[in-house]
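Here's a quick briefing to read with the model open beside you. Have a look at the fold, then work through the points below.

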Amino acid sequence: MAKSNVGLSNREKIAVLMVALGNDIAAEVYKKLDDSAIELITLEIANLRKVTPEVKLEVMKEAQEILMAREFMARGGVEYARDILERALGPERAQNLLTRITASLQVRPFDFMRHTDPQQVLGFIQGEHPQTIALILSYLEPPQAAMIISGLPAVMQAEVAKRIARMDRITPEVLREVERVLERKLSTVMGQDFTMAGGIDAVVGIINSADRTTERNIMEYLEENDPELAEEIKKRLFVFEDIIRLDDRSLQRVLREVDMKELGLALKGATEELRAKFFKNMSKRAAEMLQEDMDYMGPVRVKDVEDAQQKVVNVIRGLEEKGEIIISSGAEDELVV
């Protein structure tokens, strides 16, 4: 049995590790071993000579590194493990560790894909030749392979299944080359940084930036097909009608920023309650002039009204982003003074 840098054989190191772990943990480990392994380890423990604390620490450290390396290999294959171990332990130590592991561990082809989400594997292999896909799926666990093949187009599903059924022997050299190329490609994809995309906040931002017609179309569709989502979006969405929720001080700040002609056009499509709120926060003379402008406009197009309302809303959102006003989202909002 080969000796390590602590002067112990592998069996002796296992014995040292079991003693170091303590009786309770060692007993749990024994439960997972077969009788022959238990007999060998017990014999080594019985014959174990006294070891120094330094040797015990070195054995435990080596065991930790081996477990870590196996975990990395299970996650992303040998090259993935090599990359991380080299960063953590240095090239020479990482190579020695991997050599010991791979010598005792027969890694099945495409093992690096077994712990990858099936949807990611599906997206990764969809552009590959049916024969390559068949080769990969034939080495994966049936449940994972089933999830992947079910995501392929119907014609491709049948073609891949046929090739798996008719697959014969493949030379180790070809298998290793295919595996090496795919592992490198997958490691590149998996190594990329991914950020959160989508979500309610994203759609609220889009709707807030869209014109009123688009906003109305989206919300009407959601209210009919997904009422819960529509309600959640409404809670975060600020539209022209929500100006009624603004406190008087905030509305007065808004009035200093908006164009009075645009406001008059926007109020042509507003409720009497909302108009009254605006007039209340203006001087008597300014309110009278605004009302005169609205009367003078006569009939106006709905789209022009909606565009004007959107401009007012944009002013309000801009002021909120600057922290100059606060938009209440309802009765649950509380302000700390």
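Helices (H or I, at least four residues) and strands (E, at least two) are DSSP runs, numbered from the N terminus. Counted that way, the protein has 18 helices and 0 strands. Bear in mind that this is a predicted model, where local features need pLDDT of at least 70 and side-chain atom pairs count only at pLDDT 80 or more, while totals for chains, interfaces and linings use all residues. Residues are numbered from 1 along each chain as its sequence is written, and side-chain values use heavy atoms, with hydrogens and water left out.

**The whole chain**

- Of the 337 residues, 32% count as buried; buried means under 20% relative accessible area, exposed means over 50%, and partly exposed is in between (1.4 Å probe, protein chains only).
- Take the contacts (heavy atoms within 4.5 Å) between residues at least 6 apart in sequence: 71% of them join residues at least 24 apart.

**α7 against α9**

- Helix α7 (residues 130-139) packs on helix α9 (residues 154-166) at an angle of about 65 degrees, and their axes are 8 Å apart.
- For these values, axes are lines fitted to C-alpha atoms, for helices over the stretch in contact, and angles run from 0 to 180 degrees between N-to-C directions.
- The crossing of α7 and α9 is right-handed, a crossing being right-handed if the near helix is turned clockwise from the far one by less than a right angle, and left-handed if anticlockwise.
- On the α7 side you'll find Pro130, Gln131, Ile133, Ala134, Leu137 and Ser138, and they meet Met156, Glu159, Val160, Arg163 and Ile164 of α9.
- Sorted by class, the residues of this contact are 7 nonpolar, 2 polar and 2 charged. Here Ala, Val, Leu, Ile, Met, Phe, Trp, Tyr, Cys and Pro count as nonpolar, Asp, Glu, Lys and Arg as charged, and the others, Gly among them, as polar.

**α6, and how it meets α8**

- Helix α6 (residues 118-125) and helix α8 (residues 142-150) pack at about 50 degrees, with axes 9 Å apart.
- That angle makes α6 oblique to α8; under 35 degrees counts as roughly parallel, over 145 as roughly antiparallel, 65 to 115 as roughly perpendicular, and the rest as oblique.
- α6 passes α8 in a right-handed crossing.
- Pro118, Val121, Leu122 and Ile125 of α6 make the contact with Gln144, Met147 and Ile148 of α8, giving 6 nonpolar, 1 polar and no charged residues.
- Which residues of α6 are buried? They are Pro118, Val121, Leu122, Phe124 and Ile125.
- Exposed Gln119 and Gly123 sit on the face of α6 turned away from its buried side.

**α16 and its cover**

- In helix α16 (residues 272-280), the buried residues are Leu274, Arg275, Lys277 and Phe278.
- Looking down the axis of α16, its buried residues fall within an arc of 155 degrees, so they line one face of the helix.
- Their cover includes α14 (248-255), α15 (260-267) and α17 (284-297).
- Turned away from the buried side of α16 is a face with the exposed residues Glu272, Glu273 and Lys280.

- Arginine 11 lies in helix α1 (residues 10-21) and is partly exposed at 40% relative accessibility. Its C-alpha is 9.7 Å from that of leucine 43, 32 residues apart in sequence.
- Asparagine 10 is also found in α1, partly exposed with a relative accessible area of 40%. Asparagine 10 and valine 59 are 49 residues apart in sequence and 9.8 Å apart, C-alpha to C-alpha.

Technical notes. Arc of directions from axis to C-beta.
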